[in-house]
Amino acid sequence: MKRQPLEPALEEIERQHLRRHRATVEAYPDKGSRAEVIVDGRRLIDFSSNDYLGLAAHPALAAAMAECAARCGTGSGASHLISGHGREHAALEEELAAFTGRERALLFSTGYMANLGVVTALASRGESVLLDRLSHASLIDAGLLSGARLRRYPHCDAAAARRLLAEGAPAAAVLATDGVFSMDGDIAPLASLSEAARAHDAWLVVDDAHGIGVLGRNGRGAVELAGLGTDQVPVLVGTLGKAFGSFGAFVAGAEELIDVLIQRARSYIYTTALPQPVAAATRAALSIAQQEAWRRERALALTARFRAGAREVGVPLAESTTPIQPIPLGSARAALRAQQALLEAGFWAVAIRSPTVPAGQERLRITLTAGHRENQVDALVESLGRICAAALAS
Ligand SMILES: *Cc1c(COP(=O)(O)O)cnc(C)c1O
């Protein structure tokens, strides 16, 4: 067998307008804020980040990280089960368990790894894993890696999920869904999914990467918003790199669930523990998020302001009430053009293309955060109105 040349593959990606490039953020011009960035020497307002509570550049997080690094060093030096598990990890796990109202929480290095760990620990060959058609890539990869049969139901269709569960053969060990869908911003029908999973004895795993910290009366996410607890949603995955402005992820649930993950989750066992200074920064973030409810209220109020303004100037919107606001544009080319036009107007909102979203459903993904100002949101709406009118006329 000969190795395949790579150039034609890249050319084909380019021809389909699907080539990815990275922009390098050169600086954050406003101290303590990430709302504005310098890219290619230009100052832009960032409407692409998942820093929903505006905590990523908060001085208290940086101070906690620096203090911990001076005390414990940077690296953990080993995995959690060898000698890398420290006091900051233990304290953060306790605080996350208390925050989510669950018996225990387990830290993972990333949300991607948390999903791999949970699904592979709970499902295996001879069983099946059910996923929403628009689930995050990490849940799909987790399902494939588990060796179970992967089955997908139409987006947010709990009745279809229930039918697949009832078919059995092979019986579903896991039904997993995003809480808030990362590219659509809509919320999974958690109450009906929970009833279906309970009726057929499957584990319901809710990956609330984008809901935790933002939704619910206490910021506990989509599960709190739906009024559900551990009985209805036994496995809750949350990430720490989005609303909490830090890095890492956790799984929260009953004592035995966490103990089984410690025994079986290979993405937990066979990797170096998250640096303790990162855990220290996350503890600071969790404390601020709980004390300053205005942050999540503000992210949601700016979201409502954005939607009202966009509707007024004829910008197409999706059915999302969360800070993730997709602007459907229908093709990779149209989405890239809109991204470019926005850049020229001083706004950074990234075109989301296939395979991240289905081909033909390309969009701009706008995110609102507590770090934005009203006049920045209004200016974005104004530019989007102009750009969308031109796109629809062409
Ligand atoms: C971001 C995201 C993840 C991955 O989390 P990381 O900590 O960035 O690896 C998992 N699930 C969903 C739904 C996400 O949006």
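Trainee: Which residues come nearest the ligand?
Mentor: The model is predicted; local features need pLDDT of at least 70 and side-chain atom pairs 80 or more, while totals for chains, interfaces and linings use all residues. Numbering runs from 1 along each chain as its sequence is written, and side-chain values use heavy atoms, without hydrogens or water. There are 13 residues around the ligand (a heavy atom within 4 Å). Those that come nearest are G111, Y112, D207, H210 and K242.

Trainee: How far from an oxygen atom of the ligand is an N or O atom in the side chain of K242?
Mentor: A polar contact is a pair of N or O atoms within 3.5 Å. The backbone of Y112 places a polar atom 3.0 Å from a ligand oxygen, and a polar side-chain atom of H136 lies 3.4 Å from a ligand nitrogen. For the side chain of K242, the distance to a ligand oxygen is 2.7 Å.

Trainee: Which helix gives the largest share of the shell around the ligand?
Mentor: By class, the shell has two nonpolar, eight polar (Gly among them) and three charged residues. Helices are DSSP runs of H or I with at least four residues, and strands are runs of E with at least two. Three residues of the shell, the largest share, come from residues 111-122, helix α4.

Trainee: How much space lies in the largest pocket?
Mentor: A pocket is an open set of points on a 1 Å grid, with protein on both sides within 12 Å along at least five of seven lines; lining residues have an atom within 4 Å of a point. The lining here has 41 residues, with H21, A23, S48, W348 and V350 nearest the centre of the pocket. Counted as the space filled by probe spheres on the points, the volume is about 1,200 Å³.

Trainee: Which elements each supply at least two residues of the lining of the largest cavity?
Mentor: The largest cavity holds about 50 Å³, and its lining includes H80, F108 and Y268. By class, that lining has five nonpolar, four polar and no charged residues. The elements asked for are β4 (104-108) and α10 (266-269).

Definitions and conventions: A polar contact is a pair of N or O atoms within 3.5 Å; within protein, one must be able to donate a hydrogen and the other to accept it, and residues adjacent in sequence count only if both atoms are side-chain atoms. On a 1 Å grid over the protein atoms alone, a cavity is a set of points where a 1.4 Å probe fits but cannot get out, and a pocket is an open set with protein on both sides within 12 Å along at least five of seven lines; lining residues have an atom within 4 Å of a point.
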